[in-house]
Amino acid sequence: MMQWQLNEQQKQRFGYWSGVVFFVLVLFSLAYAINSVYRSVSDKQLSPMQRLLVSGTRDYVLDEELQQSLAALPEAGNFFSLEVSEVKQQLERLPWVKQVTVRKQWPDKLSIALQEQQVVARWNNAALLNQQGEIFEAPQQRISVELASLSGPDEQAQRVLNTFRQLQRVLQGRQLSITRLALNERHAWQVELTGGILLKLGKEDKLNRVERFVSVYPQLQADNVEYVDLRYDTGFAVGWKKREGLVSNDQSNG
């Protein structure tokens, strides 16, 4: 009777350990299968990135730039191993690119939504300003529209752009346009108009001074005016262009 009980216990132990071994083997087999599948689908030949979709209005970013930038990524042709964050960082290094959104779409497409820099003015004769007053550098030879030239300390770029917009709205009433706006080291403002007239505005009350100029502009012989000095509480001074060897004279009004 005792021998029979011992044999029964041995059978139970054997069954238990057999089950454990079988379970472990199943786990190893499953892990091996998953790893094999991953390695297979990660192979560039089996999961290539074959389609590229780029959306967004582009005036300055060239197709060749996008292709070269993507081709520089080590996993550019591999759908599974290509990281969208790396694509985003890579494309946002392009000078005319402001922001990029990247998505992978099964089974072989990379979708890129691209936002270009919206240039509004040239800055300090070397860089550019976007709509938000941020300074950026990009190939300027691609720009086909006329842009005003703004200048000043870099930390004042947003302020200079805001002033440009304010003054431009006032001048538009007389079909005048700003060619150049400068904030100098003494914090004084100067405006050059499309026709070549220079407005000296000084440090304060620049908006009212431009409005004063606009109110008298029809009475001026604009073709003969070199500059208008508006740095007075009332009135202004006009500098006339040199004609037939004569020097320009100031004409004060007040």
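Trainee: Which residue in β3 is the bridge partner of L52?

Mentor: The bridge partner of L52 in β3 is L110. Please note that this is a predicted model, in which local features need pLDDT of at least 70 and side-chain atom pairs count only at pLDDT 80 or more, while totals for chains, interfaces and linings use all residues. Residues are numbered from 1 along each chain as its sequence is written, and side-chain values use heavy atoms, leaving out hydrogens and water.

Trainee: How do you know that β1 and β3 pair?

Mentor: Five bridges join β1 to strand β3 (residues 109–116), and the two run parallel. The strands themselves are DSSP runs of E with at least two residues, helices are runs of H or I with at least four, and both are numbered from the N terminus.

Trainee: What makes β1 and β2 edge strands?

Mentor: The open sheet has three strands in the order β1-β3-β2, with mixed pairing. Both β1 (51–55) and β2 (97–105) pair on one side only, and these are the edge strands. Neighbouring strands of the sheet are turned by 20° against each other on average, direction ignored. Helix α3 (residues 84–91) packs on this sheet, touching β2 and β3 (contact means heavy atoms within 4.5 Å), and its direction makes about 155° with that of β2. Such angles run from 0 to 180 degrees between N-to-C directions, with axes fitted to C-alpha atoms, for helices over the stretch in contact.

Trainee: Why are R58 and D63 called a salt bridge?

Mentor: The term asks for a side-chain nitrogen of Lys or Arg within 4 Å of a carboxyl oxygen of Asp or Glu. For R58 and D63 the N to O distance is 2.8 Å, so the pair qualifies. The structure holds eight salt bridges.

Trainee: What makes E65 buried but R142 partly exposed?

Mentor: Buried means under 20% relative accessible area, exposed over 50%, and partly exposed in between (1.4 Å probe, protein chains only). E65 has 17% and therefore counts as buried, whereas R142 has 26% and is partly exposed. E65 and R142 form a salt bridge, with their closest N and O atoms 3.0 Å apart. This pair links distant parts of the chain: E65 lies in helix α2 (residues 63–71) and R142 in the loop between β6 (135–136) and β7 (148–151), 77 residues apart.

Trainee: Why is the pair of Y60 and W96 called stacked?

Mentor: The structure holds three aromatic pairs. The ring centres of Y60 and W96 are 4.1 Å apart and their planes stand at 20°, so the pair is stacked. The rule is that rings of Phe, Tyr and Trp (its six-membered ring) pair with centres within 6.5 Å; planes under 30 degrees apart are stacked, over 60 edge-to-face, and the rest tilted. Both Y60 and W96 are buried, and together with F136 they form one aromatic cluster.

Trainee: How do you know that K200 lies over the face of Y227?

Mentor: K200 is 4.2 Å from the ring centre of Y227 and lies over its face. The definition requires NZ of Lys or CZ of Arg within 6 Å of the ring centre and within 35 degrees of the ring normal, so the distance for K200 falls inside the limit.

Key
Two strands pair if DSSP finds at least two bridges between them.
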